[in-house]
Amino acid sequence: MVVAFIILGVIAILSGAAVFWVDSMARATYALALSFIAVGVQVLFLAQNYVGVITILMMVMEMAIMAVYMVMFMGMNPALMPMSMVHSKKASLIVAITTFVALTAGILLIDWPSRRGAPAADVTAALGEALMGSKMLVMAVISPVMVATIVAGVSLAHHRTRYDRFGDDLTERPARDPQPGGVGR
């Protein structure tokens, strides 16, 4: 379990960093989803089943929604559109290092309070109630609506695919584009 936990930690860190190494928004989205899945599985290892599953489901759904919006608003396959995911590199690096140092100092230097009282009999249920409270029914109803919205959004926004442009075996060159242009119009 310890080795798997460490491996998941490495996967989470590397895939989180890959968000800034890859050259497209779609690849960055998939890398971020992988990072969140690894963290969610780590939370499952800590016997916090509710929080682990919710983390995985919510983050994967969020990344799916992000990918759908990229397709809808960019009007093309965003995986084919190279771009940099890092902006203001010097300022970003300064902010990241400062934040890391401040958070690390806070963790190490703060005099943490000792526990008062006893934990609940079922810690997972207590944590779930604290996080969701009375909104669980709303989440259960909204989740299928969100999935239907994603499927409908992709279906409506992506009226033609790369198979329409490059043929069934993706070998037709040049592409059949009803609107010429593309990258670098």
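A residue counts as buried when its relative accessible area is under 20%, as exposed when that area is over 50%, and as partly exposed in between, using a 1.4 Å probe and protein chains only. By this definition, 20% of the 185 residues of the protein chain are buried. The structure is a predicted model, in which local features need pLDDT of at least 70 and side-chain atom pairs count only at pLDDT 80 or more, while totals for chains, interfaces and linings use all residues. Residues are numbered from 1 along each chain as its sequence is written, and side-chain values use heavy atoms, with hydrogens and water left out.

**Overall architecture**

- Read from the N terminus, the order of elements is α-α-α-α-α-α-α.
- A contact is defined as heavy atoms within 4.5 Å. Of the contacts in the protein chain between residues at least 6 apart in sequence, 59% join residues at least 24 apart.

**Surface**

- The accessible surface of the protein chain is about 13,300 Å², and carbon and sulfur atoms account for 72% of this surface. Such areas come from the Shrake-Rupley method with a 1.4 Å probe, and for residues only the protein chains shown count as cover.
- Val-2, Ile-6, Val-10, Leu-14, Phe-20 and Trp-21 make a nonpolar surface patch of about 670 Å². Patches consist of residues with over 30% relative accessible area and no salt bridge, where like charges are joined within 9 Å and nonpolar side chains (Val, Leu, Ile, Met, Phe, Trp, Tyr) within 5 Å. A salt bridge, in turn, is a side-chain nitrogen of Lys or Arg within 4 Å of a carboxyl oxygen of Asp or Glu.
- One member of this patch, Phe-20, is placed in helix H1, which covers residues 2-21.

**Helix H1**

- Helix H1 has 20 residues and reaches 28 Å from its first C-alpha to its last, close to the 28 Å expected at 1.5 Å a residue. The expected span of a helix is 1.5 Å times one less than its number of residues.
- The buried residues of H1 are Leu-8, Gly-9, Ala-12, Ser-15, Ala-18 and Val-19, and H2 is included in what covers them.
- Phe-5 also belongs to helix H1 and is partly exposed, because its relative accessibility is 30%.
- Leaving aside neighbours within four places in sequence, Phe-5 is in contact with Gln-42, Phe-45 and Leu-46. Phe-5 and Gln-42 are 37 residues apart along the chain, yet their C-alpha atoms are separated by 6.0 Å.

**Helix H2**

- The 21 residues of H2 should span 30 Å at 1.5 Å a residue, and the end C-alpha atoms are 30 Å apart, so the two values agree.
- Buried residues in H2 include Ala-26, Ala-28, Thr-29, Ala-31 and Ala-33. Ser-35, Ala-38, Gly-40, Gln-42 and Val-43 of H2 are buried as well.
- Ser-35, a residue of helix H2, counts as buried because its relative accessibility is 10%.
- Not counting residues up to four places away in sequence, Ser-35 touches Ala-12, Ser-15 and Gly-16. From C-alpha to C-alpha, Ser-35 is 8.8 Å from Gly-9, although 26 residues separate the two in sequence.

**The loop between H2 and H3**

- Ala-47 is found in this loop and has a phi near 65 degrees, a positive value in a residue other than glycine. Most residues other than glycine have a negative phi.
- With a relative accessible area of 48%, Ala-47 is therefore partly exposed.
- Gln-48 lies in the loop between helix H2 (25-45) and helix H3 (49-74). Its relative accessible area is 19%, so Gln-48 is buried.
- Apart from neighbours within four places in sequence, Gln-48 is in contact with Val-43, Val-123, Thr-124 and Leu-127.

**Helix H3**

- Glu-62 lies in helix H3 and is partly exposed, because its relative accessible area is 38%.
- The C-alpha atoms of Glu-62 and Thr-29 are separated by 9.5 Å, while the two residues are 33 residues apart along the chain.

Technical notes
Helix = DSSP H or I, 4+ residues; strand = E, 2+ residues; numbered from the N terminus.
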